[in-house]
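User: I would like a close look at the aromatic side chains of this model, taken slowly and with the reasoning spelled out.
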Amino acid sequence: MGFLRSGVRAVARASAGPLSSIATPEKWVVDWFRGDMANSAGVRVDYDTAMMYAPFFAGVRVIAEDLGLLPLFLYERLARGKRRATSHPLYPLLHDAPNDMMGAMAFKEALQGHAITWGRGVAYVVTHERTGVVEELWPLRPDRVRIKVRQMGKGRVERWVQYRDDVNGIYANLAPGEFLCINGLGDDGVTGYSVVELAANSIGLGLATEHYGAKTFSNGAAPAGALSHPENLSPEARKRMADDWENIHRGIDRAHRVAILEEGVTWQAVGLPNDANQFLETRKLQVTDMARWLRLPPHKIGDLERATFSNIEEQQLDYVSSALSAWLTRWEQAILTQLLLPEERARYFPEHLVDALLRGNTAARYAAYAIGRQWGWLSANDVREKENLNPVDGGDAYLVPLNMVPAGASTPAAEDDVDGEGREAARRYARLLRGRGIAARERLADAWAPKIEEADQEIADLERKKVGALVDEHLIPGGRGARSTSAFLAALSALYATDGPIAEAMTALWLPIITAFAADVAEDAAEEVGHEDDVDLSTWAHAYTLAHVAYRIASSFGQLRKQTEQADTQEDAAAAVVERLIKWQQERPAQTARWEGAQLPNAAARETWKEAGVQTLKWVTQGSKHCPYCTKLDGRTTEIEVPFIAKGDEVEGNDGEALKAKRNTFHPPVHAGCRCQVVPVVAD
């Protein structure tokens with residue numbers, strides 16, 4: 001974020017006065033000495049003047065605005081189908097606002113305009129300092145961006161972005177992960193061709209015809225000509241005659257005035273009139289030429305000469321499926337490869353919603369809905385959703401003709417029988433899965449354990465750094481602050497506040513992992529009981545994360561305070577605190593992974609079964625060597641809303657010792673190291 005903010009400050013300074021000099025010349029000075037893009041029309045063509053040419057500006061505007069107005073969603077892949085990944089940090093950036101100053105449409109149309117005119121549109125990616133989560137996206141000025149390919153080892157290259165602002169003295173090299181680059185057609189796949197450079201002749205010819213037309217009207221409605229006198233005139237007489245003629249007829253307001261010629265003076269037109277020059281035909285052809293450069297149907301930039309009521313809709317569909325679709329695919333693939341982590345790409349993907357541009361007229365649309373409704377792939381609420389209407393009660397039912405039966409069937413099946421067979425098939429499938437859910441959840445726990453351990457290791461390292469700094473400041477002789485145990489505890493309390501930096505880091509690291517872990521568990525748990533609807537546990541996962549963060553920071557602060565208060569001297573307190581921090585770094589990440597690997601699958605499965613309508617759960621003890629407490633619980637059943645062990649209850653072991661529950665236990669684990677599971681009790 002420092003690079004971006006320094007750029008904003010520099011631009012603010014630059015606006016206070018001119019900074020152009022020999023060392024830091026403005027763009028117009030560079031262009032003056034360097035010359036413009038080569039063209040044969042003799043008219044200045046660069047990135048600024050090209051946008052003053054109406055057909056080119058209209059084409060760029062059409063593509064940029066159409067792409068910008070389409071909603072861009074981040075989806076999560078399911079076993080069949082997809083759902084919007086609203087809990088992913090990228091979702092609000094792509095769909096709503098990439099930063100505090102612009103909405104998603106403004107951001108996308110700006111970057112798309114750069115990609116067409118300059119061959120690349122580049123945005124700066126702002127990430128969280130500790131977690132690396134993408135927080136903001138800011139478009140960069142294309143004239144200050146250079147694409148570089150760097151050799152990163154034998155047979156491996158990377159695309160980097162070089163940002164140079166000579167006027168304000170800002171120089172930055174952005175590595176992969178720090179930028180989003182959208183490029184069009186190019187010869188290397190790294191950066192695209194600039195349409196302005198390639199089409200310089202076409203744009204120059206268009207600007208030349210505009211300039212010619214403007215000069216024609218500024219000089220008068222008639223083309224240039226000559227006044228002829230039968231005798232020789234002195235230079236003074238010739239000058240006076242020319243000035244008089246110009247004063248009477250020059251300018252569009254004086255065109256078509258009656259001319260009175262004296263002393264045998266005659267008027268002779270010189271050059272060809274506009275119709276002989278095919279001036280209007282040239283201008284029309286240039287509009288078509290710009291549409292050809294930008295791959296647009298001519299009617300998109302105002303050329304309706306060949307558009308009819310019968311073909312304009314087909315041209316619109318062709319535009320969406322060809323020109324616009326190519327840019328949409330470039331955006332989606334750039335986001336997938338540049339903003340999503342490699343391990344996320346198999347699960348998440350971006351996609352534009354193009355339904356709004358593909359909608360036909362009302363009659364054709366309703367006819368299509370009728371076909372989908374009749375043959376059973378659209379429900380009433382599906383249709384209402386496409387028409388931006390609210391759902392209605394009973395509108396989720398799918399209808400099919402009564403004479404439609406499976407291939408090989410001899411008689412049509414009644415609707416109730418079909419529904420009954422479907423429910424029976426779901427129950428049979430659920431019975432097959434019953435008992436396999438435990439193994440599936442254990443596999444998920446093993447798969448997610450390394451990610452949980454890695455996140456908790458990062459938290460332990462952060463605590464070592466932050467608390468260690470407080471120890472050096474308040475407990476070690478020669479520290480920056482006054483040596484005071486009370487000052488150390490006050491600073492420690494602020495560090496471990498519910499809205500402090502430790503809690504913030506824990507939430508940022510744990511929330512995406514717990515949300516994704518719970519979603520995997522929910523999918524298997526729903527399948528285990530034959531529940532076909534999707535179960536969204538994102539809200540539950542958020543609450544689960546916050547509860548565990550609150551418990552952890554309270555526990556950590558309590559342990560460190562105890563170590564400090566029990567020490568005899570400040571040096572002993574410092575040593576005890578540091579020893580506890582080192583122990584957390586060495587042991588706690590693996591312990592956290594084991595605990596969450598046992599608790600979260602059971603908790604998420606229970607939430608899923610509640611939504612699926614399961615009423616009863618059973619405790620199942622895992623492993624060949626059961627602990628005495630888990631053995632007592634093995635096989636116990638209870639209603640899903642009733643705990644297996646209430647807070648304060650005791651579970652007696654084989655040796656007579658009792659384990660007293662510190663909380664209501666609705667699911668395992670009941671103690672550290674417990675690997676028990678709960679399973680649904682479903683009537684067949």
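To begin with the charged groups around the rings, the charged end of which residue sits over the ring of Trp327, and how far from its centre? Please then go on to the ring pairs themselves.

Analyst: The model is a predicted one, and in it the charged end of Arg330 sits over the ring of Trp327, at 4.5 Å from the ring centre.

Turning to the ring pairs, the structure holds eight aromatic pairs. One of them joins Tyr75 and Phe349, whose ring centres are 5.6 Å apart and whose planes meet at 25°, and because planes under 30 degrees apart count as stacked, this pair is stacked. Tyr75 belongs to strand β1 (residues 72–77) and Phe349 to strand β11 (residues 348–352), so the contact ties together parts that are 274 residues apart in sequence. Tyr75 counts as buried at 7% relative accessibility, and Phe349 is buried as well, with a relative accessible area of 14%. Ring pairs also link these two residues with Phe73 and Tyr91 into a cluster.

Trp448 counts as buried at 11% relative accessibility, and Phe517 counts as buried at 0%.

Definitions and conventions
Residues numbered from 1 in each chain as written. Predicted model: local features only at pLDDT ≥ 70, side-chain atom pairs only at ≥ 80, totals over all residues. Heavy atoms only, no water. Phe/Tyr/Trp six-rings, centres within 6.5 Å; stacked < 30°, edge-to-face > 60°. Helix = DSSP H or I, 4+ residues; strand = E, 2+ residues; numbered from the N terminus. Buried < 20%, exposed > 50% of the residue type's maximum accessible area, 1.4 Å probe, protein only. Lys NZ or Arg CZ within 6 Å of the ring centre and 35° of its normal.
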